[in-house]
Each structure stands twice: as C-alpha cells, then as structure tokens.
Amino acid sequence: MKRLLLVLGITLAALPALAQPAGFSCVGAEKLEDDVFSIAFPRGSATLAEAARSPLAAAIEAALAAPERNTCILGHAGQEGGATTSIQLAAQRARAVSQALAERGIGVERLRAEARSAQFSPTVRAAEPPSRTVTIVLMPPP
C-alpha cells in the first residue's frame, strides 16, 4: 500500500488522519437522560433510513442551539453476526450518524463516535431494539 501511494505521488503524510478528536470523553454518556436522541437502523445495516430523519433533525437543532456542548454518538449492534462483526457494524452506524451531523453544520471537533456493545445500550429510549440504534447524547456544558 505504501509503495502504491508513493507510485501515485501521494505520501502518507498527505492523507487525512482518521483519529477521533481529542478533548472530551463519552464516559458516562449512556447514563444521561436529557438531550438524548435515538436513531434506529434496520438489521445488519449502517445506512440511515427515512425513519432517522426526525430524531436526527431534533439532535441537529439541539446541537446547533448549544455550540458549547460536545456530542457523543454511541453506535450499538446486537447479535448481527459474530462479536467482531457486531462491533464493526456499531462503529459504522456511529460513523454514519457522525458524518450526517458534520454535514449539517456540527463541527467535527464537537463530535465523538464510539461503538458500544449491546449491554451498554439504553433500554427505554428507543422504539427499535437498542441493539440496532445509534444514541446521540449532547453532553453537559464544560
């Protein structure tokens, strides 16, 4: 891969970093009850569906109204394959929602996407099983 990039005239330093922004943590986000939004996903999918429109719009509105607050995007996947596949799917779902938020004006420095295992999923907030959701949590102001 490195050689291919060099042949194409691209150095590794020119590639964008894929790391999460440093500066805040999502530890404890799953315990918060205010400003929490749930995005349901079809089984085995990481593509935002039409049903995501309303909760996503509500989360965007809340995040834009409070620019001092960071946003945790917690992806969940249950028994949708092996353990590794489920965590990968949870991460893909969180990334899809994070990207949608960023495309609608939420600064990437305010977003942190994480995959969570099913046992950390909220149990009462989602209409769909929590194992097939992304939970968007606006963190308390610093």
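**Note on the predicted model**

1. Helix 2 (residues 53-65) has 13 residues and spans 18 Å from its first C-alpha to its last, close to the 18 Å expected at 1.5 Å a residue. The expected span is 1.5 Å times one less than the number of residues. Helices (H or I, at least four residues) and strands (E, at least two) are DSSP runs, numbered from the N terminus.

2. Ground rules. This is a predicted model: local features need pLDDT of at least 70, side-chain atom pairs count only at pLDDT 80 or more, and totals for chains, interfaces and linings use all residues. Residues are numbered from 1 along each chain as its sequence is written, and side-chain values use heavy atoms, with hydrogens and water left out.

3. Which residues of helix 2 are buried? They are Leu 56, Ala 59, Ile 60, Ala 62 and Ala 63. They cover an arc of only 165 degrees around the axis, so they lie on the same side of helix 2. The arc is taken from the directions from the helix axis to the C-beta atoms. The face turned away from that buried side carries the exposed residues Arg 53, Ser 54, Glu 61 and Ala 65. Buried means under 20% relative accessible area, exposed over 50%, partly exposed in between (1.4 Å probe, protein chains only).

4. Strand 2 is largely enclosed by the rest of the structure, because seven of its seven residues are buried. Both faces are covered. Thr 71, Ile 73, Gly 75 and Ala 77 are on one side; Cys 72, Leu 74 and His 76 are on the other. In a regular strand the side chains alternate between the two faces of the sheet.

5. Strand 2 pairs with strand 4 in the antiparallel sense, over five bridges. Pairing requires at least two DSSP bridges between two strands. Ile 73 stands opposite Ile 136 in strand 4.

6. Thr 135 is in strand 4 (residues 133-138). Thr 135 is buried, at 3% relative accessible area. Where does its side chain make a polar contact? The partner is the side chain of His 76, at 3.1 Å. A polar contact is a pair of N or O atoms within 3.5 Å; within protein, one must be able to donate a hydrogen and the other to accept it, and residues adjacent in sequence count only if both atoms are side-chain atoms.

7. Thr 71 belongs to strand 2. Thr 71 counts as buried at 1% relative accessibility. Beyond its neighbours within four places in sequence, Thr 71 has contacts that include Phe 24, Ala 63, Leu 101, Ile 136 and Val 137. Contact means heavy atoms within 4.5 Å.

8. The structure holds one disulfide. Cys 26 is joined to Cys 72, S to S 2.1 Å. The cut-off is a pair of cysteine sulfur atoms within 2.5 Å. The torsion about the S-S bond of Cys 26 and Cys 72 is about -100 degrees, so the disulfide is left-handed. The pair links distant parts of the chain, 46 residues apart: Cys 26 in the loop between helix 1 and strand 1, Cys 72 in strand 2 (residues 71-77). Cys 26 and Cys 72 are buried.

9. Asp 35 is worth a look. Its phi is near 55 degrees, a positive value in a residue other than glycine. Most residues other than glycine have a negative phi. Asp 35 is in the loop between helix 1 (2-7) and strand 1 (36-40). At 31% relative accessibility, Asp 35 is partly exposed.

10. Leu 48 sits in the loop between strand 1 and helix 2. Leu 48 is partly exposed, at 29% relative accessibility. Leu 48 and Arg 93 are 45 residues apart in sequence and 8.1 Å apart in space, C-alpha to C-alpha.
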